[in-house]
Amino acid sequence: MSSFADDLSQLVGDSALVMIGRIALIGGGFLAHTLLVRNLSPDTFGVLSLALTVVSVCAGFAAVGMNQAIARFIGGSGPEDADEYVVISLSVVLISGGIFTLLLYFFSGTVASYFDSTGLAVFLKTLSILIILRPLSKVIMGVTRGFELTRTKVISHDILPMVMSVPVLYYFITRNQIIAGAVVYYVLQPVIQTLLLTLNLHRWGGWSLNITAPGRDKMDEIFSFSWPLAFESMVVLFLGSIDILMLGWLTTSEVVGQYRSIQPVAKTVIIFLQVLTFIYLPIATRYYEQQDFDQLDSFYKASARWMSHVTFPLVLFYLLFGRDFIQVVFGEEYVVAWVALAILTLGMYSRVVAGPNGMTIKAINRTREDLVASIGALLTNVGLNYILIPFYGIVGAAAATMVGYLVYNTIDLLIIYRYTGVTPFHLDLFKPFIPTTVACLGLTYLFNITAASLVELVLLGVAISGIHLLSIFLTTGLTEEDQMLLNNLKARLG
């Protein structure tokens with residue numbers, strides 16, 4: 001039991017560090033996003049968004065699932081086998097990244113012809129280098145994740161790259177070179193991440209890379225794990241990007257710009273999911289390897305509960321005050337996207353309530369079944385996008401994405417339950433939602449609350465968080481896992 005308490009403590013302790021990094025990464029990224037939205041027209045911002053989406057999909061293909069595979073296998077084996085896994089992963093992403101970069105560079109005109117966006121081909125050529133840089137930085141981060149070097153990840157991947165790149169963007173904007181600034185900003189981040197992560201891994205001293213020819217058994221092992229993961233990652237990338245691509249195909253770049261403006265806002269809902277999953281994977285893998293499904297179930301439930309309740313006030317904030325938020329932050333041109341924001345928020349929250357199901361699938365080594373789930377979700381999303389976008393525009397795209405995520409999460413949860421009997425759902429997860437929702441809805445409509453400034457928005461967010469915290473204590477209080485964590489922390493501090 002003490003081991004489980006230690007794991008819970010590590011989950012929260014490391015997650016607090018990761019949270020600091022995520023705040024820097026998301027906050028800096030959102031600041032850069034806001035600077036670009038406010039200084040570019042929706043049409044120009046839409047073209048840039050289309051180019052970044054295409055490049056991101058290609059970079060995801062080039063990664064071939066190696067970033068997650070390296071974390072999983074290093075976490076399961078340790079430093080003794082890391083050299084071979086790292087050599088395989090780096091070789092794969094450099095070769096595949098080079099191939100995809102050349103293809104996109106020379107066929108950028110052909111790709112651009114499928115979208116009604118002037119200047120898209122130039123953007124694609126300029127940003128194609130990211131197809132090599134992004135997978136490379138992800139593999140190096142996968143190494144730090146496998147060794148559970150949370151502090152290194154936070155500083156070298158999240159904080160410093162953002163601190164160094166956002167001022168560069170601002171400098172270019174002040175010189176009225178907005179497009180050049182955007183390109184430098186997006187290229188600079190993975191370069192800095194790769195350099196800093198590599199430097200800190202070298203300084204760590206717990207492992208150093210020895211270039212050696214990997215054995216056939218290691219290659220078979222990592223490819224057997226990663227090939228379905230690679231296809232699943234590609235499908236997931238499409239799942240998150242297909243709405244932008246189909247809006248570009250079926251509408252105009254201006255509509256793309258309006259929709260893209262609220263995408264990062266909705267994705268802030270999954271910040272805590274991303275935070276906990278960084279350290280969740282190696283711990284959950286250990287439980288699975290030991291066939292300790294009871295501990296895995298408790299660990300999963302605790303993770304899902306904490307993520308869901310920390311995130312719920314943000315969800316309510318976007319649902320109740322999303323229109324005010326867009327108007328204050330982005331301007332009147334983008335207010336048309338507030339309904340799409342509400343729908344996307346619900347879709348993202350369905351991922352949070354399901355807990356770290358994606359990492360659990362990888363921990364129990366069921367990536368092939370996960371591939372089937374992701375394909376089902378993608379087909380649902382594509383079909384609904386094709387049907388809904390011509391009639392409802394960005395609202396239809398948001399609805400298609402929401403349903404796609406619901407399908408994906410449902411299938412994943414069924415897979416996890418079938419092989420382990422583990423589920424994130426229990427009564428304590430849902431109890432606090434009802435009083436919080438009723439109280440916030442009642443107060444909002446009773447007093448006709450709105451916000452016209454950033455300060456007022458922040459105060460509303462704090463008020464919703466306070467109401468939900470009170471609801472948690474009145475309905476569930478501290479669960480057994482919460483108490484175990486507090487006792488463990490008291491013992492360490494004592």
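Predicted model: local features only at pLDDT ≥ 70, side-chain atom pairs only at ≥ 80, totals over all residues.
Start with the helix pair. Two packed helices are described by the angle between their axes and the distance between the axes. For helix H7 (residues 130-146) and helix H9 (residues 178-204), the angle is about 30° and the axes lie 9 Å apart. Angles under 35 degrees count as roughly parallel, so H7 and H9 are roughly parallel to each other. The crossing of H7 past H9 is left-handed. On the H7 side, the contact is made by Leu 130, Leu 133, Arg 134, Leu 136, Ser 137, Ile 140, Met 141, Val 143 and Thr 144. H9 brings in Tyr 186, Val 187, Pro 190, Val 191, Gln 193, Thr 194, Leu 197, Thr 198 and Leu 201. Sorted by class, the residues in this contact of H7 with H9 come out as 12 nonpolar, 5 polar and 1 charged.

Next comes the threonine. Thr 360 sits in helix H15 (residues 357-363). Its relative accessibility is 0%, so Thr 360 counts as buried. Setting aside neighbours within four places in sequence, Thr 360 is in contact with Tyr 280, Tyr 300 and Ile 416.

That leaves the cysteines. With a disulfide taken as a pair of cysteine sulfur atoms within 2.5 Å, the count comes to 0 disulfides. Cys 58 has a relative accessibility of 14% and therefore counts as buried. Cys 440, at 3% relative accessibility, counts as buried too; the cut-off for buried is under 20%.

Conventions:
Residues numbered from 1 in each chain as written. Heavy atoms only, no water. Buried < 20%, exposed > 50% of the residue type's maximum accessible area, 1.4 Å probe, protein only. Axes fitted to C-alpha atoms, helices over the stretch in contact; angles between N-to-C directions. Helix = DSSP H or I, 4+ residues; strand = E, 2+ residues; numbered from the N terminus. Parallel < 35°, antiparallel > 145°, perpendicular 65-115°, else oblique. Left-handed = near helix turned anticlockwise from the far one by under 90°. Contact = heavy atoms within 4.5 Å. Nonpolar A, V, L, I, M, F, W, Y, C, P; charged D, E, K, R; others polar.
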